[in-house]
Amino acid sequence: MARIVGAINTSHVPAIGRAIAANLQDDPYWKPFFDGFPPVHAWLDKVRPDVVVVLYNDHGLNFFLDKMPTFAVGAAPEYHNADEGWGIPTLPPFKGVPGLSWHVINELVAREFDLTTCQEMLVDHAFSLPLKLLWPDAPSCPVPTVPVCINTVQYPLPSARRCYKLGKALGEAIASWDEDKRVLIVGTGGLSHQLDGERAGFVNPAFDKAFMDSLIDNPEWVTQYSNEEIVEKTGTQGIELLMWLAARAALPGKVSRVHSNYHIPISNTASGLLAMACED
Amino acid sequence: MSATKPALQIPGTRIFDSELAQKGYALNKMCFSFNSAENREAFRADEAGYARKFGLTVEQYEAVRTRNVLGLLAAGGNVYYLAKFAGILGLDVQDLGAAQTGMSKEDFKAMLVAAGKEA
């Protein structure tokens with residue numbers, strides 16, 4: 001049976017892609033962000049995941065408002081990246097795991113999650129950059145992937161409570177996969193930031209830190225809030241914490257903190273990183 | 001009152017709800033097309049003609065023509081699609097932040113750095 005080793009949640013700001021392409025890891029602006037990753041790399045070397053399931057949100061690359069799925073699961077042999085209209089550097093294609101994708105789809109639909117399934121799917125920076133941050137030295141992502149996309153574009157968005165349940169069901173589905181594989185969960189986005197409106201530039205470190213801490217011992221904490229309340233507290237794009245929440249919810253039993261990092265600003269964003277290991 | 005109307009009004013913040021999603025459809029569809037380099041080139045070559053193909057409203061086209069970020073949002077633009085339009089103009093999210101808050105870009109960036117120091 002498959003075993004979930006843990007989860008890594010990280011911000012996915014597009015500017016990270018430019019910084020990687022320009023080798024700015026030691027630049028004073030970027031160093032506090034990139035310095036968060038070596039302890040996470042060391043942990044990955046130890047747990048050696050065979051597969052990574054990535055919870056992310058599409059930013060208008062694959063999905064438009066003509067058809068906007070609440071939850072979409074990739075079921076492709078390969079996923080391609082694109083420049084997203086503003087010329088960010090692209091990364092090589094990501095290998096899929098159709099066997100796990102379809103297992104997850106079957107199990108989640110059986111558990112009353114009505115998904116959109118995607119045999120072709122472009123993946124944007126929210127999917128690609130976290131993987132590049134986790135495996136920076138490999139020419140292409142060395143671990144095959146299953147993308148799970150949550151709508152954070154058009155309201156109504158799924159509630160925090162619903163995303164928690166999705167994550168929990170996803171974790172149970174993965175654990176019942178009849179393959180002897182180690183699976184890593186990745187949740188991308190956040191933390192507090194607001195790109196649009198007169199309140200652009202809003203960040204809320206006190207809330208971000210409370211949220212990060214809650215994921216270790218009290219992961220349902222943030223489900224007390226409506227999405228509008230989360231936007232009020234974290235900004236229009238701070239709602240991306242839904243992916244962190246779902247990733248944490250996928251972990252069975254107790255977790256321990258492997259490493260965390262928090263830094264303001266990366267672009268307009270309060271950046272966060274939180275790696276959690278499943279306790280055996 | 002529509003069932004999807006947000007219960008909470010947040011200052012300086014729009015929830016991209018069903019009302020805005022319908023209002024902004026043509027503008028967002030044009031911006032979505034900018035995922036393709038060929039379409040970006042076609043827009044650069046003839047902005048008015050390109051916008052006409054997508055049926056932009058007068059309000060939307062005026063906001064595009066005048067590069068008015070708050071106007072684009074008021075016309076139903078969604079930031080994820082608008083970001084692709086901003087890319088054509090060579091603007092990043094900090095340019096957009098400055099434009100929306102009425103600050104200079106330097107002041108906007110300094111505000112974020114200051115927020116980090118307080119954290």
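In this predicted model, the contact between the chains draws on 42 residues from chain A and 41 residues from chain B. Putting chain A and chain B together buries about 3500 Å², and carbon and sulfur atoms supply 64% of that area. On the chain A side, the residues that give up the most area to chain B are A:Phe64, A:Glu198 and A:Glu228, which together make up 18% of what that side buries.

A:Glu198 forms a salt bridge with B:Arg14, with 3.7 Å between the closest N and O atoms. Between chain A and chain B the count comes to 2 salt bridges, and there are 15 residue pairs in polar contact, both residues being at pLDDT 80 or more. As for which parts of chain A do the touching, the elements giving two or more residues to that side are α7 (205-217), α8 (227-234) and β9 (255-266). Of these, α8(A) hands over the largest share, 4 residues. Sorted by type, the chain A side splits into 18 nonpolar, 13 polar and 11 charged residues.

Next come the nonpolar cores. In soluble globular proteins, nonpolar side chains tend to be buried together. Here the largest nonpolar core has 70 residues, and A:Ile8, A:Ile16, A:Leu134 and A:Leu184 have the most contacts inside it.

Definitions and conventions
Residues numbered from 1 in each chain as written. Chains lettered and ligands numbered in written order. Heavy atoms only, no water. Core = buried A, V, L, I, M, F, W, Y, C linked by side-chain atoms within 4.5 Å. Buried < 20%, exposed > 50% of the residue type's maximum accessible area, 1.4 Å probe, protein only. Contact = heavy atoms within 4.5 Å. Buried area = accessible area lost by both parts, 1.4 Å probe. Salt bridge = Lys/Arg side-chain N within 4 Å of Asp/Glu carboxyl O. Polar contact = N/O pair within 3.5 Å; in protein donor to acceptor, adjacent residues only side chain to side chain. Nonpolar A, V, L, I, M, F, W, Y, C, P; charged D, E, K, R; others polar.
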